[in-house]
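This report is written for a reader new to the structure shown here.

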Amino acid sequence: MDRREAMLRELNLHPLWVRRHAPEPMPSVAAAVAEEPSAEIQPPSSDVLQSRADAALRVEAEVGDLFVAEPYGLRDSGEDSLREFQLKIAGGPLADVAWPELRQKVRDCALCALRAGCTQTVFGVGDEQADWLFVGEAPGEEEDASGEPFVGQAGRLLDNVLTSIKLKRGDNVYIANVIKCRPEEDRHPHVGEIAACLPYLKRQIELVKPKIIVALGKTAASALLDTDATIAALRGGVHDYNGIPLIVTYHPAYLLRSPMEKAKVWQDLCLAVATLQKT
Ligand code: URA
């Protein structure tokens with residue numbers, strides 16, 4: 001058995017079946033994260049820097065549109081910058097909030113338009129004192145129906161990934177998403193939606209106090225590390241989230257589309273295990 005086959009067996013992914021015909025496009029979040037960039041790291045060009053500056057301006061405009069600011073005593077005119085807005089949420093109502101109240105705040109949240117279009121909020125699941133925290137993007141259809149993160153096809157793959165490093169959902173593992181409400185048609189969340197929802201995840205992290213965080217995909221990695229870098233650029237290193245080591249890997253939904261990348265996820269998880277052993 002070669003090394004690759006051994007890795008795939010560990011991940012319960014062997015034998016690898018290859019379809020004779022082109023696969024149907026994946027519905028749900030899988031489609032949204034299907035094209036995770038895999039380019040090598042490049043220093044940002046002046047065009048990229050300019051487009052980031054433009055994006056920052058768009059965020060501010062979007063924040064003005066999206067937020068129902070009244071619960072936080074903010075005006076809805078977009079006068080508050082994104083950062084000020086986040087500070088007001090994080091430093092205000094969420095700073096001392098314990099689990100039950102945090103759950104309630106997420107249930108009652110009306111900071112963006114997503115809550116109005118979803119069935120229920122998907123808060124997070126697992127051991128509230130876990131060493132391991134896995135962070136995904138947003139609920140899809142099945143998560144929206146069940147109220148639990150990662151219960152669909154991508155979730156079953158995540159469970160296999162956990163098994164491959166002798167972990168299991170709920171046992172020293174907590175799983176959460178950046179976004180707590182399903183975006184319609186399982187699109188990627190908008191920056192304003194991420195800005196609105198991120199403080200809830202940040203408070204979850206403060207409460208769980210994990211020893212290691214695994215960011216699954218670009219949305220989780222970008223939100224937690226505040227970066228635009230690609231997954232390919234972020235993988236392979238140990239990042240820092242407020243003193244907690246953070247490993248970046250591909251989103252399971254992307255792996256459903258690109259099974260050849262599974263070996264890289266296995267490597268990332270091995271790095272995570274080794275990092276945790278050193279703490
Ligand atoms: N994808 C995610 O990022 N989160 C889920 O909960 C399900 C699919």
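## Strand pairing around β4

Strand β2, residues 132–136, runs parallel to β4, and four bridges join the two strands. Within this pairing, V135 stands opposite A215 of β4. The model described here is a predicted one.

Strand β4 is also joined to β6, which spans residues 244–249; these two strands run parallel and share four bridges. Here A215 stands opposite V248 of β6.

## Burial of β4

Strand β4 comprises residues 212–216, and five of its five residues are buried, so the strand is largely enclosed by the rest of the structure. The cut-off for a buried residue is a relative accessible area under 20%.

## The ligand and its shell

Nine residues surround the ligand, and the closest are E137, A138, F150, N177 and H251. By class, the shell consists of four nonpolar, three polar and two charged residues.

At E137, a polar backbone atom is 2.7 Å from an oxygen atom of the ligand. At N177, a polar side-chain atom lies 2.8 Å from a nitrogen atom of the ligand. At H251, a polar side-chain atom lies 2.7 Å from an oxygen atom of the ligand. On its own the ligand has 230 Å² of accessible area, and the protein covers 98% of this.

## Two residues with positive phi

F150, one of the closest residues to the ligand, is located in the loop between α7 (141–146) and α8 (153–164). Although F150 is not a glycine, its phi is positive, at about 55°. F150 counts as buried because its relative accessibility is 6%.

N172 is found in the loop between α8 and β3, the latter covering residues 173–177. This residue, N172, is likewise not a glycine and has a positive phi, near 65°. Is N172 buried or partly exposed? With a relative accessible area of 24%, N172 is partly exposed.

Conventions: Residues numbered from 1 in each chain as written. Predicted model: local features only at pLDDT ≥ 70, side-chain atom pairs only at ≥ 80, totals over all residues. Heavy atoms only, no water. Near = heavy atom within 4 Å. Polar contact = N/O pair within 3.5 Å; in protein donor to acceptor, adjacent residues only side chain to side chain. Areas by Shrake-Rupley, 256 points an atom, 1.4 Å probe, with all protein chains shown as cover. Nonpolar A, V, L, I, M, F, W, Y, C, P; charged D, E, K, R; others polar. Buried < 20%, exposed > 50% of the residue type's maximum accessible area, 1.4 Å probe, protein only. Pairing = 2+ DSSP bridges.
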